Amino acid sequence: MSDVPGFRPTQLTGFRIGVTSDRRSQDLIDAFERRGATVVHAPTIRITHSPHDEVIVAETRAIIAARPQLLLATTSYGLRRWFEIADSTGLGQPLLETLEAADILVRGPKARGAIRAADLDDAGMSDEETTASLVSKVLAEHPPGLTVAVQLHGSTDEQQLDRLRDAGYTVLTVAPYQWSAPKNDDHRVTRLVDAICAGQLDCVTFTSAPAVDALLSAAELLGQLDPLLDAFRGPVVAAVVGPVTAAPLLALGVQPIQPERFRMGALIRLVCEWLEQNQVARVETKHGLVELRGSTASVDGSTVTLPPTALALLRSLVAAKGAVVSRAVLAETLQAGGDEHALEMALSRLRQALPAPKIVATVVKRGYRLDV
């Protein structure tokens with residue numbers, strides 16, 4: 001994958017980003033780490049292949065026998081795997097001949113690329129690069145009674161298949177791969193949920209709706225769904241590749257960020273720009289410029305990485321820009337709440353961690369402020 005325009009090796013220094021995807025996750029991880037971010041990788045779902053390909057072969061034979069008038073092609077990866085399995089079982093040429101006689105509609109540019117790589121031509125692409133809009137295109141442009149083959153993408157979207165069936169189309173499907181949950185001994189998702197709830201991440205990226213659903217389900221099983229949603233509505237931004245991926249979050253009142261173009265490169269660019277524009281806080285003080293970037297704080301050019309509690313306290317003080325922040329408000333930033341003694345201990349640790357301890361000033365009987 002080519003570099004995103006505007007690449008700078010320090011662009012994401014101090015920021016912590018969660019990556020939930022399985023396939024192509026390394027592209028995201030590399031892109032963020034090259035820009036200075038710390039990345040937590042926790043694939044919430046995995047692409048899995050059946051240990052035996054008999055089901056896919058049977059589905060392929062059924063499609064060849066039916067000679068469908070339409071093929072709905074949804075993902076480049078699924079198409080490539082389908083063609084590879086067909087070739088390996090002697091069905092490659094019959095499948096290509098069957099598809100040459102059909103009108104092929106693609107969900108997006110990547111699926112179009114896979115179709116053309118197989119020396120086939122498509123007859124059109126969905127307006128919104130979604131399965132729903134692909135089905136809408138069929139309903140609007142093709143008469144009922146046709147046989148439609150659908151290449152599925154990880155999970156069966158029965159709602160869209162039912163739209164075709166209810167309108168009078170005969171529907172055949174092929175599922176070259178499936179989504180599955182992580183193995184029981186893979187605790188990365190649990191650690192990701194904990195990190196989100198504790199505000200220890202600045203952003204979490206999602207490239208599929210099943211990945212979102214899997215994270216929400218994991219949080220619910222852990223009894224942390226509400227804290228997770230609160231975090232996504234507050235300090236942790238959810239970044240999604242497109243509207244289908246955004247839907248499960250929007251349904252729960254979480255507003256994710258998403259690029260105008262539903263591409264990996266556009267998602268990377270958006271995350272970089274959003275974090276720089278919204279998650280960097282600066283304030284001038286008597287001790288120099290204070291800048292917060294993710295988990296790091298710099299005072300007059302000296303940078304330190306702060307633990308979550310100290311970071312939360314300093315973030316509240318920086319947001320006040322020198323105004324007094326009451327003890328009660330600061331106590332609320334402590335993870336489990338805190339009494340007067342716990343707050344004083346946390347502020348003491350914050351002062352010790354900063355290059356200029358006196359930057360946090362005590363206002364007797366009122367609270368604390370930055371020494372501006």
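Me: Which residue in strand 7 is the bridge partner of Leu72?

Reply: Leu72 has Val150 as its bridge partner in strand 7. Before we go on, a word on the background: this is a predicted model, in which local features need pLDDT of at least 70 and side-chain atom pairs count only at pLDDT 80 or more, while totals for chains, interfaces and linings use all residues. Residues are numbered from 1 along each chain as its sequence is written, and side-chain values use heavy atoms, with hydrogens and water left out.

Me: What makes strand 4 and strand 7 a pair?

Reply: Two strands pair if DSSP finds at least two bridges between them. Strand 4 and strand 7 (residues 147-151) are joined by three bridges and run parallel, so they meet that definition. Strands here are DSSP runs of E with at least two residues, helices are runs of H or I with at least four, and both are numbered from the N terminus.

Me: How many bridges link strand 4 and strand 5?

Reply: Four bridges, again in the parallel sense, link strand 4 to strand 5 (residues 103-106). Leu70 stands opposite Asp103 there.

Me: Which way do the residues of strand 4 point?

Reply: From strand 4 (residues 70-73), Leu70 and Leu72 point one way, Leu71 and Ala73 the other, and all are buried. In a regular strand the side chains alternate between the two faces of the sheet.

Me: Why is Thr147 called buried?

Reply: Buried means under 20% relative accessible area, exposed over 50%, and partly exposed in between (1.4 Å probe, protein chains only). Thr147 has 15%, so it counts as buried. This residue of strand 7 touches Ala66, Pro68, Gln69, Leu70, Thr170 and Leu172, not counting residues up to four places away in sequence; contact means heavy atoms within 4.5 Å.

Me: How do you know that the buried residues of helix 10 share a side?

Reply: The buried residues of helix 10 (residues 225-232) are Leu228, Leu229, Ala231 and Phe232. They cover an arc of only 160° around the axis, so they lie on the same side of helix 10. The arc is that of the directions from the helix axis to the C-beta atoms.

Me: What covers these buried residues of helix 10?

Reply: The cover includes helix 8 (188-197), strand 10 (203-206), helix 9 (209-221) and strand 11 (237-240).
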